[in-house]
Amino acid sequence: MLELAILGFLAEGPLHGYQLRYRIAHLSGHARPVSDGSLYPAINRMVKAELLDRRTEPGDSAAQRHVLSLTDAGRRDLLRRLRDADGLEITDSTRFFTVLAFLSHLPDTADQHAVLRRRLDFLEQPASFFHDGDRLQRAEDTNDPYRRGMLTIARATSRAERSWLREILD
């Protein structure tokens, strides 16, 4: 998802490495912080794969700054990643939100809706964090106030997301 975020933000225009890191950190939030140890190796791999272009410009002080931009190959890769989003990119909320953040870059509404339908199909499957034997446990089934809280919040979040997805798909 780091590479998708890099491609997505650079599709909006060239950025310095620290600007890119700042935007990714805000998108991924506290749950999945981005470190320099993961960001810069990913950028280097993507430059080597010719998905990104890196040029150097003078900095405010003596240090030079690197400006990153998307190549045509990078734009094609971004569109492919968005169009083909599946598996964990659909089932993991943080990963799906990264896809969602850049889904408008897909020019074809049918492709956008196909991704949203995959997410809706996933959300419409019965799920729970806990089980009572083979049965999924609902908030009403537990006396543990914290588990009940988790299940109540998850239900409300899922309900709101399903409602939004149906609205967009209609």
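**Salt bridges**

Guide: Let's start with Asp-132, which counts as partly exposed at 45% relative accessibility; that label covers the range between buried (under 20% relative accessible area) and exposed (over 50%), using a 1.4 Å probe and protein chains only. This is a predicted model, where local features need pLDDT of at least 70, side-chain atom pairs count only at pLDDT 80 or more, and totals for chains, interfaces and linings use all residues. Residues are numbered from 1 along each chain as its sequence is written, and side-chain values use heavy atoms, leaving out hydrogens and water.

Visitor: Which residue forms a salt bridge with Asp-132?

Guide: A salt bridge here means a side-chain nitrogen of Lys or Arg within 4 Å of a carboxyl oxygen of Asp or Glu. For Asp-132, the closest N and O atoms of the pair are 3.6 Å apart.

Visitor: How many residues apart are Glu-124 and Arg-166?

Guide: These two form a salt bridge, with their closest N and O atoms 2.7 Å apart. The pair links distant parts of the chain, with Arg-166 in helix H8 (residues 145-169); helices are DSSP runs of H or I, at least four residues, numbered from the N terminus. The separation is 42 residues.

Visitor: How many salt bridges does a search of the whole structure find?

Guide: Asp-141 and Arg-138 meet in one, at 3.4 Å from N to O. Glu-3, Arg-45, Asp-77, Arg-80 and Arg-81 are linked in a network of them. Searching the whole structure gives 13.

Notes. Helices (H or I, at least four residues) and strands (E, at least two) are DSSP runs, numbered from the N terminus.
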